[in-house]
Amino acid sequence: MSKGSRKKRATRPWQDATAFRDIGDLLVPSSEEDELRLDGYEVQQVSAGRTDKAYVCPECGNAIAAGESHVVVWPEGDPDLRRHWHRHCWRFEVNRSRSESEA
Ligand SMILES: [Zn+2]
């Protein structure tokens, strides 16, 4: 038995078709910037590895781990009110706001 005969590779969500479908919304489509935009807000994307600080997401109340990619959002002209959001949580908020303004 040679050591190299069995490749050890962690199962990643995107290697599983079902899981992929479930988390598909969280992955990064090319149109993501549009999807993250919301009238009246500035949205800054923070890439993974760019932070060494953990934040608390105002939407779900869970921590955004240090180094996790996320978005920083603040009302236009009021950067003191900036908040760090999970990308998916912000997207949820954007979709909610858009459907409210359409209603
Ligand atoms: Zn969140």
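Biologist: How do you know that strand 4 and strand 5 pair, and in which direction do they run?

Modeller: This is a predicted model. Three bridges join strand 4 to strand 5, and pairing requires at least two bridges, so the two strands count as paired. They run antiparallel. Within this pairing, Val71 stands opposite Trp85 in strand 5.

Biologist: What makes strand 1 and strand 4 a pair?

Modeller: Six bridges join them, against a requirement of at least two; therefore they pair, and they do so in antiparallel fashion. Gln45 has Val71 as its bridge partner in strand 4, while Gln44 stands opposite Val72.

Biologist: Why are strand 1 and strand 5 called edge strands?

Modeller: The open sheet has three strands in the order 1-4-5. Strand 1 (41-46) and strand 5 each pair on one side only, which is what the term edge strand expresses here. From one strand to the next, the twist averages 30°.

Biologist: Which helix lies across this sheet's strand 4 and strand 5?

Modeller: Helix 3, residues 87-102, lies across both, at about 40° to strand 4.

Biologist: Why is Gly77 called exposed?

Modeller: Gly77 has 9 C-beta neighbours inside 10 Å. A residue with 12 or fewer is classed as exposed, so Gly77 counts as exposed. Gly77 is found in the loop between strand 4 (70-75) and strand 5 (83-85).

Biologist: How far apart are Gly77 and Tyr41 in sequence and in space?

Modeller: They are 36 residues apart in sequence, and their C-alpha atoms are 8.6 Å apart in space.

Methods. Residues numbered from 1 in each chain as written. Predicted model: local features only at pLDDT ≥ 70, side-chain atom pairs only at ≥ 80, totals over all residues. Helix = DSSP H or I, 4+ residues; strand = E, 2+ residues; numbered from the N terminus. Buried ≥ 20, exposed ≤ 12 C-beta atoms within 10 Å, placed from the backbone. Axes fitted to C-alpha atoms, helices over the stretch in contact; angles between N-to-C directions. Contact = placed C-beta atoms within 7 Å.
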